[in-house]
Amino acid sequence: MATTNDLKNGLVLKLDGGELWTVVEFQHVKPGKGGAFVRTKLKNILSGKVVDKTFNAGVKVDVANVDKREMQYSYLDGDDFVFMDTETYDMVNVGRSVVGDAANYMLENTLATVAFNEGNPLYVDLPAAAELTIAHTEPGLQGDRSTGGTKPATLETGAEIKVPLFITTGEKVKVDTRTGEYLGRA
């Protein structure tokens, strides 16, 4: 158990009969009139649903025991992604629903942080940026400039992103793994 004073981004709480929620944002508010409170934005780990919840200051909240391990993505086995623990070399199957959008930016041997609760994988967290190769994009035209528009491009993982007009097929680019935005050439 912890109090609302201990809340921080990334903390996993057990609320509403055992559902796991992660703290996305929090703000301590002390109004001029009335008691202090904490305004939070929580994301359900299983469904991805985001809700706003307000707690009175000093209220006890149930913190889930989350074990985060550095793992390496090895291969795809049907609908499961197989990860290898970098310390113990144990292999763990993680379902596509748990991996989520991270699958768009993972190649074999990609390092990721996998969070577990009671032995069950909760989510996969990638580094903030990934270097990937453009598998296909339409060629740029004479006069295209770096400050111009964007065009769709398919990454080697199969994900589609928007890139500047001067990017060509075969180039390595940096992509933000949280938003899917083009960050620059690698």
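**Salt bridges and a sheet in a predicted model**

Good morning. I begin with Asp 176, which is buried at a relative accessible area of 10%, where buried means under 20%, exposed over 50% and partly exposed in between, using a 1.4 Å probe and protein chains only. Its salt-bridge partner is Arg 178, with N and O 3.3 Å apart, and Arg 178 is exposed at 65%. A salt bridge here is a side-chain nitrogen of Lys or Arg within 4 Å of a carboxyl oxygen of Asp or Glu.

The model is predicted: local features need pLDDT of at least 70, side-chain atom pairs count only at pLDDT 80 or more, and totals for chains, interfaces and linings use all residues. Residues are numbered from 1 along each chain as its sequence is written, and side-chain values use heavy atoms, leaving out hydrogens and water.

By this rule there are six salt bridges. One of them joins Asp 67 and Arg 69 at 3.0 Å, N to O. Asp 67 is partly exposed at 37% relative accessibility, and Arg 69 is partly exposed at 27%.

Another salt bridge links Asp 79 and Arg 96, with the closest N and O atoms 3.6 Å apart. Asp 79 lies in the loop between strands S7 (67–77) and S8 (80–85) and Arg 96 in helix H1 (residues 96–99), so the pair ties together parts 17 residues apart in sequence. Helices (H or I, at least four residues) and strands (E, at least two) are DSSP runs, numbered from the N terminus.

Finally, the sheet. Six strands form an open sheet in the order S1-S6-S2-S3-S4-S5, with antiparallel pairing; two strands pair if DSSP finds at least two bridges between them.
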